[in-house]
Amino acid sequence: MATQIDATAGAGSRGFERPAGGSGGRGRGSGLTPYLFLAPYLVLFTVFVLVPALYGLWISLHTWDFLLPNKPFVGLQNYLNLMTRETAVGDSFWQSMGATGKFTLYSVPLLLVIPLLIALVLNKKFPGRTFFRAVFFAPYVLGVAVIGLLWRFLLDPTAGLLNYMLNLLPWVDGNIPWTTATPWVWVSLVAATVWWTLGFNAVIYLAGLQDISLDLYEAASVDGAKTLQKFFYITLPSLKRVLLLVTTLTVLASANMFGQALLITQGAPGTETRTAIMYIAEEGLGNFRMGNAAAMSYILALFLILASLAIFAFFRRFGED
Amino acid sequence: MTTTPHGRPFPRPAVSALPQPVLPALTRRNFLRLTAGAGAGLMLGACSGGSGGGQGAGTATGTATGTAGATAAAGEYTGPAVDLAFWNGFTGGDGPLLLEIVNRFNEEHENINVAMNALEWAQFYSTLPSATSSGEGPDVAAMHLDQIATNAARGVIMPLDDVAAGLELSESDFAGTVWNAGIYQDVRYGIPLDVHMYGFYYNKTLMEQAGLDPESPPQTRDEYMAALEALKAEGIQGHWVSPFLFTGGHTFYSLLWQFGGDLFNEDVSEATWNSEAGVEAITWMRSLIEEGYSPADVGQDAEHIAFQNDQNAFIWNGIWQINGYGDTEGLEWGVAQIPQIGDERAVWASSHNFVIPNNRGADPNKQQAAAVFIDWVSEQSLDWAKAGQVPARNSVRESAEFAELTEQNVFAEELDYVHFVPTVPGIPDAMAEIETGVNEAILGSKEPQQALDDAAQRANEALEANRERYQA
């Protein structure tokens, strides 16, 4: 299509950057065409995202149990209860938001840097490269139930393999409470998650790295650039879009952490590692206080939207050159 | 791992439980009324008329929740062949044993075919309501005692008074309070299958190692502490204290009752576990860690694994572990009643109950067949006892065959002093709070009194919200 640009026939006339191509002159495929192509997805989006989202907003204004006939309208009361730590729900909710925040803060930097380093290595030519690419990606294909149980047993403070091996070392004495006390619980959860998901980020990085023209590196070599200089002046800027994608996906995934804490720590000690999603699920689907749970979901969603906007703004400001 | 045969209904992160707009008031009776003029009404009417002993729309219940008008009655099932879906949470070693019972039922009943489906209890409790309200739920299910009131109040399960009457069952047929616990607002919703309580398991190898007589396990507080001390002298940590519901939570409930306390006040409007008895119970559990009888920071199931590995001498655990320990190679173990640490004997227990889900537009034939199934299995509960349960039915428990089940009989002696969690709608919400409180207190992130107080405060708020919600 792009090769058939007809500069006289309608450039910009329909608000597109590029003219619609040869067919534009015959009056078919009018303004509706793109929307028709988008329609199938739009229908799915409306039915499964937009309508439930609006319905959820309605639910959050009620004391709502879908099986009880009595669903009193309470206005903003659910939100007001959450705005204070005086109430048990408010207190529990903000504690769980704090847990989610901590986890995101600890895991995102590691999940941005480590996969990048791995991708850089895996992008080099060496024997067994394909094998290692598969090895690093392998844990990602496992379900959260599998990795959760696996790490729970490895990390068990008294019966786990890790503490057993550590105790073989002459200078280690006693068990480290990997799954039952702070700050070890965070080390465990972050380590398990990094091990589990770094392959995904690494693959995206790798795809980005392979898109960078080798000519750039050759030219830089001719100019006498060192390895680090090549990384900071060629590799990193070329990965800008990939970095934006990886950062956004990783932040959102970390903020939605659920299974790891459910299986490895059960939220222990106390509710220290109970994440926001865990608490929302417990409240809405366990205790059937769906109005409350819906209100919490909206607050969490608001935070995630703000976080995404901040990431985009960051890349726009510092990424443009 | 099957140390968690039932937990509080923990949600799963799936989309399947999205709220669905369902009107519980739309019972079959109302539906019949609505569609009376249409042919559909005639068809349904004909259906319920031909349902043998089924009383059709005859017995409306007066409960506020507007549960289905039809209640099935027991007896023979002579209608057309039906397939019954039977859901439960027996995903552990007990599942296959129950499946055998179900298969035998199918062989003996030509016109009823029961298909059993076991899913995790947590998933079961969050899926059942939505499945039932959309008419996709099972025709018969098994459920824990403490979930019955919640599900009755939410209209998930049907009144079973007529089933009980048809089966000619009454309180005198069943163990102690378990029969009455299936009643919510004067209406019966559950037919008890078993009672499962905590018991005392001891590792004979370790006891011998410490010079203790493995044939006379400690039963009093003094004996218990002396035994722990003897084990400690041999470098054995004798009683691992778990900070999780399994087994720490249930141990705490048992001790709370032993020290004369209770979980809730009389009308279950307030949590009372932060009483002196509660603090005493937690303090005793903490002291086991502080005195070196237990490691600190015991992980999920670690006390159970250590018991099987000859590292932990004593474990208070559910009767359902009998087969698990029996199958553990090289493990020499015995059972006794829960030792009396406090002022009186007491132990936590629960019960599996049969329920009939209130499926929208359910076939009365199926409900009738389900009643037959419940009656039959209840009579076969001896086989179920072998899975590590005490039969709820007196006739089975007093049979010669049950007397041959050594461990089950030891635990059955605890029936005189078992305590159940009160059956009040929404009680699992409050129980989740004490679970957290015990966790904090045992792990030492809060002082006992503080942990119990905080948990009680959160639970009281939940209880109040539930009173409004269920208008109870």
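Trainee: Where in chain B does B:Gln185 lie?

Mentor: Look at the loop between strand S4 (183-184) and strand S5 (187-188) of chain B; B:Gln185 lies there. Keep in mind that we are reading a predicted model.

Trainee: What is phi of B:Gln185 near?

Mentor: Start with the general idea. Most residues other than glycine have a negative phi, and most peptide bonds are trans. In this model, phi of B:Gln185 is near 50 degrees, which is a positive value in a residue other than glycine.

Trainee: Which residues does a cis peptide bond join?

Mentor: A:Thr182 and A:Pro183 are joined by a cis peptide bond, with omega at about 0 degrees. You can find A:Pro183 in the loop between helix H6 (161-168) and H7 of chain A. Another cis bond runs from A:Ala268 to A:Pro269, and its omega is near -5 degrees. A:Pro269 sits in the loop between helix H11 (259-265) and helix H12 (276-286) of chain A.

Trainee: Now for helices. At what angle do helix H5 and helix H7 of chain A pack?

Mentor: Helix H5 (residues 144-155) of chain A packs against helix H7 (residues 184-210) of chain A at about 135 degrees, and the axes are 11 Å apart. That angle makes H5(A) oblique to H7(A). The crossing of H5(A) past H7(A) is right-handed.

Trainee: Which residues make the contact of H5(A) with H7(A)?

Mentor: H5(A) brings A:Ile147, A:Trp151 and A:Leu155, while H7(A) brings A:Ser188, A:Ala192 and A:Trp196. Sorted by type, the residues of this contact are five nonpolar, one polar and no charged.

Trainee: In which sense do strand S1 and strand S3 of chain B pair?

Mentor: Strand S1 (residues 82-88) and strand S3 (residues 140-144) of chain B pair in the parallel sense over two bridges. To see one bridge partner, find B:Trp87 and look across to B:Ala141 in S3(B).

Trainee: How many residues does the contact take from chain B and from chain A?

Mentor: The contact takes 40 residues from chain B and 35 residues from chain A. On the side of chain B that touches chain A, helix H4 (121-133), helix H11 (302-308), helix H18 (427-443) and helix H19 (448-470) of chain B each supply at least two residues. H18(B) gives the most, with five residues. By type, that side of chain B has 20 nonpolar, 12 polar and eight charged residues.

Trainee: And what does the model score for ipTM and pTM?

Mentor: The scores are ipTM 0.80 and pTM 0.82. Over residues 1-25 of chain A, though, the pLDDT is below 50. Chain B has a mean pLDDT of 84, with 84% of its residues at 70 or more. Its residues 1-74 stay under 50.

Methods:
Residues are numbered from 1 along each chain as its sequence is written. Chains are lettered from A and ligands numbered from 1 in the order in which they are written. This is a predicted model: local features need pLDDT of at least 70, side-chain atom pairs count only at pLDDT 80 or more; totals for chains, interfaces and linings use all residues. pLDDT is the predictor's confidence in each residue, from 0 to 100. Two residues are in contact if their C-beta atoms, placed from the backbone, lie within 7 Å. Helices (H or I, at least four residues) and strands (E, at least two) are DSSP runs, numbered from the N terminus. Ala, Val, Leu, Ile, Met, Phe, Trp, Tyr, Cys and Pro count as nonpolar, Asp, Glu, Lys and Arg as charged, and the others, Gly among them, as polar. Axes are lines fitted to C-alpha atoms, for helices over the stretch in contact, and angles run from 0 to 180 degrees between N-to-C directions. Angles under 35 degrees count as roughly parallel, over 145 as roughly antiparallel, 65 to 115 as roughly perpendicular and the rest as oblique. A crossing is left-handed if the near helix is turned anticlockwise from the far one by less than a right angle, and right-handed if clockwise. Two strands pair if DSSP finds at least two bridges between them.
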